[in-house]
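Hello,

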Amino acid sequence: HDYFKESIEIREQFLQTEVIDLLGEDFDPFVVELKPCSEETQAQYEKLILCYEEVLPLTKLLSGSDHIDVANLLERMGAIYAKTYDWDNAVGSYQGAIRVRRSLESTERAEELTIASLFYNKGRCHAQRKEYAVAKACYESSLKYRIPLLGDKSIDVALALYGMGFALGRLKRHQQAIVALTECLNIFKKQLGENHIRCGDALHWIGRQHASRSDFDKALAKYTAALRVYKTNK
């Protein structure tokens, strides 16, 4: 319990400072190379991880391995591992959280959306590990939860489609990638406006798929449209 309180205090301290979340939604992690955080931030993350690793077995012992507190803790651990680019432990933590939440058989919508987010975050970690087939499967699982709950025009659905399109492209399934990314682009335009930087990211990846298919005229058109969006956001 004391370890858990300490971990919360560290997290609250993070929230009161300007820490760049390199896995956030402000830019495309598949385009912009991830950079290490500062040594001070890294040290604080490592301290937070140690707190979580200490409290996890205690929580399992006191509450049981399939308790919601275990799922919440594993989810937090996954997020911190991802912030430090420890993709292996991030994947393991997210997978553990998914397993626990599924075992709870909750009927609450919020719980299902949490499972969807866990699959989405796990997919991003697999993509960083270049495990594109597994990443694609995770994005598909996220969509299976998100679409019935949020509809097919929500930003969260668009983000999962975006990740799936990226993974499909890496798997050289370019036509399928174009379909997913175009659907994603249409949602971004509707929800965010056609000049939002996310539209530029989607256009960029659609262009890359056309280029891989040697359809250079379409590729150039998409790249030009993406560049126009990026210049608007400069």
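What follows is a short account of the salt bridges.

The model is predicted, so that local features need pLDDT of at least 70 and side-chain atom pairs count only at pLDDT 80 or more, while totals for chains, interfaces and linings use all residues. Residues are numbered from 1 along each chain as its sequence is written, and side-chain values use heavy atoms, with hydrogens and water left out.

Side chains of opposite charge can pair when their charged atoms come close. A search of the whole structure finds six salt bridges, a salt bridge being a side-chain nitrogen of Lys or Arg within 4 Å of a carboxyl oxygen of Asp or Glu.

One of them joins R129 to D88, with the closest N and O atoms 2.4 Å apart. This pair links distant parts of the chain, 41 residues apart, since R129 sits in the loop between α5 (109-128) and α6 (132-150) and D88 in helix α4 (residues 87-104); helices here are DSSP runs of H or I with at least four residues, numbered from the N terminus.

As for accessibility, buried means under 20% relative accessible area, exposed over 50%, and partly exposed in between, with a 1.4 Å probe and protein chains only. D88 is exposed at 51%, whereas R129 is partly exposed at 27%, and E131 is partly exposed at 28%.

Another salt bridge pairs E140 with K136, at 2.7 Å between the closest N and O atoms. Both residues lie in helix α6, four residues apart, or about one turn of the helix; E140 is partly exposed at 31%, but K136 is buried at 12%.

Best wishes

How values were computed. Helices (H or I, at least four residues) and strands (E, at least two) are DSSP runs, numbered from the N terminus.
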